[in-house]
Amino acid sequence: QVQLVQSEGGSVQPGGSLRLSCTASGAYSDYYAIAWIRQVPGKEREGVACISSTGSRDGFTAYTDSVQGRFIISRDGDNKTVHLQMNNLKPEDTAGYFCAADGPRTTRCMLNPADVYDYWGQGTRVTVPS
């Protein structure tokens with residue numbers, strides 16, 4: 001099993017930036033693909049970004065179209081912490097954000113469906129007022 005602990009979110013003005021972090025612990029936690037998934041009440045969960053485990057070796061990442069070029073997902077050198085750098089935030093980015101882990105695996109990560117992810121962080125709220 002792997003445990004995920006997220007950093008706090010916050011409220012950011014449109015055009016601003018915010019970085020979310022997710023720290024994994026547990027055996028072989030660096031062999032888990034990590035995704036950031038967001039949810040707005042009344043809507044389906046949306047995979048925002050994912051990064052493959054160290055086992056995939058190619059560091060593959062994927063982004064949903066609406067955040068491509070604005071968000072960056074990355075791992076720390078210890079491969080335990082995954083960051084989501086969110087730039088040029090928009091009101092439509094307002095949501096609850098969850099990090100989630102799938103693995104152990106050596107294949108590339110998947111953005112969707114969210115159900116493939118077995119372990120979840122506690123969630124954090126990101127608000128971008130309109």
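Two strands pair if DSSP finds at least two bridges between them. Strands (E, at least two residues) and helices (H or I, at least four) are DSSP runs, numbered from the N terminus. The model is predicted: local features need pLDDT of at least 70, side-chain atom pairs count only at pLDDT 80 or more, and totals for chains, interfaces and linings use all residues. Residues are numbered from 1 along each chain as its sequence is written, and side-chain values use heavy atoms, leaving out hydrogens and water.

**Exercise 1. Find the strands that pair with E5, and state how they run.**

Step 1. Start with strand E4 (residues 33-39). Five bridges join E4 to E5, and the two run antiparallel. Ile34 has Ile51 in E5 as its bridge partner.

Step 2. Look at the link. E4 and E5 form a hairpin with six residues between them. In the turn, Gly42 has a positive phi of about 85°.

Step 3. Turn to strand E6 (residues 61-63). Three bridges join E5 to E6, again antiparallel. Here Cys50 stands opposite Ala62.

**Exercise 2. Explain why strand E5 is largely enclosed by the rest of the structure.**

Step 1. Buried means under 20% relative accessible area, exposed over 50%, and partly exposed in between (1.4 Å probe, protein chains only).

Step 2. Apply it. E5 covers residues 46-51, and five of its six residues are buried, so the strand is largely enclosed.

**Exercise 3. Describe the nonpolar cores.**

Step 1. Define the set. A nonpolar core is made of buried Ala, Val, Leu, Ile, Met, Phe, Trp, Tyr and Cys residues joined through side-chain atoms within 4.5 Å.

Step 2. Take the largest core, which has 27 residues. Trp36, Phe71, Leu84, Met86 and Tyr97 touch the most other members. Strands that each supply at least two residues include E4, E5 and strand E9 (95-102).

**Exercise 4. Give the strand order of the open sheet of four strands.**

Step 1. The order is E1-E3-E8-E7, with antiparallel pairing.

Step 2. Strand E1 (3-6) and E7 are the edge strands, each pairing on one side only.

Step 3. Check one pair. E3 and E8 share six bridges in the antiparallel sense. Leu18 stands opposite Met86 in E8.

**Exercise 5. Is Ser29 buried or exposed?**

Step 1. Locate Ser29 in the loop between E3 and E4.

Step 2. Its relative accessible area is 1%, so Ser29 is buried.
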